[in-house]
Amino acid sequence: MEKNIPYKTYLSENEIPTKWYNLRADMKNKPAPLLNPGTLQPMTAEELSGVFCTELVKQELDNDTKYFDIPEEIQNFYKMYRPSPLVRAYCLEKALDTPAHIYYKFEGNNTSGSHKLNSAIAQAYYAKKQGLKGVTTETGAGQWGTALSMACSYFGLDCKVYMVKVSYEQKPFRREVMRTYGASVTPSPSDTTNVGRKILAEHPGTTGSLGCAISEAVEAATSTEGYRYVLGSVLNQVVLHQSIIGLESKIAFDKIGVKPDVIIGCAGGGSNLGGLIAPFMGEKLRGEADYRIVAVEPASCPSFTRGKFAYDFCDTGMVCPLAKMYTLGSGFIPSPNHAGGLRYHGMSAILSQLYDDKLMEAVSVEQTAVFDAATQFARVEGILPAPESSHAIRVAIDEAMKCKETGEAKNIFFGLTGTGYFDMVAYQKYNDGEMTDYIPTDDDLAVGFAGLPKVDL
Ligand SMILES: *Cc1c(COP(=O)(O)O)cnc(C)c1O
């Protein structure tokens, strides 16, 4: 064990970055523009401003500005739970008996339990600054809704969360955290929106879906004076806010004089991974350094590894703009994988372009193997990881085991996006030996692809 590298590398408060880094500025092939679902023409700032806050629309559409100042109010909020530690996983290395050096960045050190708070606070801030009364959103597993309700209560904004009905019923504790922070939580589909009433009439007894909850939240925002819709992943602006993760990591690595060889992150809509890799990918794009970058997704929802790079709807209701991304089709219904945060049919347009340009890799892993890794990690490193985060742990362990064969002392770095305290039903299934793996067949995927819109640009 080297003496000079600490278990945890912390930055001081003054070292927390004061600007977000916009990876798009360094991309030669820019992510494709969002399209208006009605006209299939690129969305203008004006059109987007009906749904999203004006300042966030600017960030969404800006492919050129390299750095955005983080407003002081957001910097102050970040100081409540940042910097997040960069941890050298000495105990895991020892347990694996690997020559590899493993590092992780832990984003679960806040009540919402994940990295989502990094963007929630930014989005709430700009809504408040615009003089809005409140925001609406959807939540599936509940992490985003929790983060947003914390951010809204901080700025005194109203927060309406449409929570997928099955989660609303199965995750009462997440729901109560949101309500404690002052959010109103409605099980979706509900009878409070036209789209909700329509879905209920067509599918009585449905337990809902993320796509349906998005449609309800968008309708609630656009039909209520002083409200806008906010989204916790996928969008360029969210990747921008999440760059705080990678920027802090980069400073910490520079402090200890280490350069990661492999950077690994789980990918649902791509926001934590996009943020984690941002400064490293920037160096790679500018030809200053090289890194292997690996996205990890569930085998049950394999957007990168088996999806198509095409324009698609971001929601099932087909009311949101279209994005060009790796997608399984907006009609794809993933099997009930326990990593709720990774069950999205599409992927960030930024990451999709980078993947298509072969600047990063992707692998898919099965659920039971993910929980094997989660358990192994929890027992030696102390942290009970979120199922989503454990996808990255699985591949980090696999890479470390390869190093054991080759004798290489590679620096492996992964993003540990959150804690698993609200996922104990999934852990229970695993512990009881009742967890199963589901991999969609090519025929299953063909159904989703058949629903892709025809777009000629
Ligand atoms: C939401 C979530 C994810 C996946 O979202 P991305 O946008 O892909 O980062 C991963 N981990 C946790 C803990 C989450 O809550």
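Predicted model: local features only at pLDDT ≥ 70, side-chain atom pairs only at ≥ 80, totals over all residues.
Student: How do the axes of helix H3 and helix H5 cross?

Tutor: Helix H3 spans residues 72-81 and helix H5 residues 117-129. Their axes come within 10 Å and cross at roughly 150 degrees. Angles over 145 count as roughly antiparallel, so that is how H3 and H5 run to each other. Their crossing is right-handed.

Student: Which residues make the contact?

Tutor: H3 supplies Glu73, Ile74, Phe77, Tyr78 and Tyr81. H5 supplies Leu117, Asn118, Ile121, Ala122, Tyr125 and Tyr126. By class, the residues of this contact are 9 nonpolar, 1 polar and 1 charged.

Student: What describes a pair of aromatic rings?

Tutor: The distance of the centres and the angle of the planes. The count here comes to 23 aromatic pairs. One of them is Tyr154 with Phe155, at 5.1 Å centre to centre and 75 degrees between the planes. Planes over 60 degrees apart count as edge-to-face, and this pair is edge-to-face.

Student: Is Tyr154 buried or partly exposed?

Tutor: Tyr154 is partly exposed, at 40% relative accessible area. Phe155 is buried, at 13%.

Student: What about the rings of Phe371 and Tyr427?

Tutor: Their centres are 5.1 Å apart and their planes at 75 degrees, so this pair is edge-to-face. Phe371 sits in helix H15 (residues 367-381) and Tyr427 in helix H17 (residues 424-431). The pair links distant parts of the chain, 56 residues apart. Phe371 is buried at 2% relative accessible area, and Tyr427 is buried at 5%.

Student: Which residues do ring pairs link into a cluster?

Tutor: Phe77, Tyr78, Tyr81, Tyr125, Tyr126, Tyr154 and Phe155.

Notes
Residues numbered from 1 in each chain as written. Heavy atoms only, no water. Axes fitted to C-alpha atoms, helices over the stretch in contact; angles between N-to-C directions. Helix = DSSP H or I, 4+ residues; strand = E, 2+ residues; numbered from the N terminus. Parallel < 35°, antiparallel > 145°, perpendicular 65-115°, else oblique. Left-handed = near helix turned anticlockwise from the far one by under 90°. Contact = heavy atoms within 4.5 Å. Nonpolar A, V, L, I, M, F, W, Y, C, P; charged D, E, K, R; others polar. Phe/Tyr/Trp six-rings, centres within 6.5 Å; stacked < 30°, edge-to-face > 60°. Buried < 20%, exposed > 50% of the residue type's maximum accessible area, 1.4 Å probe, protein only.
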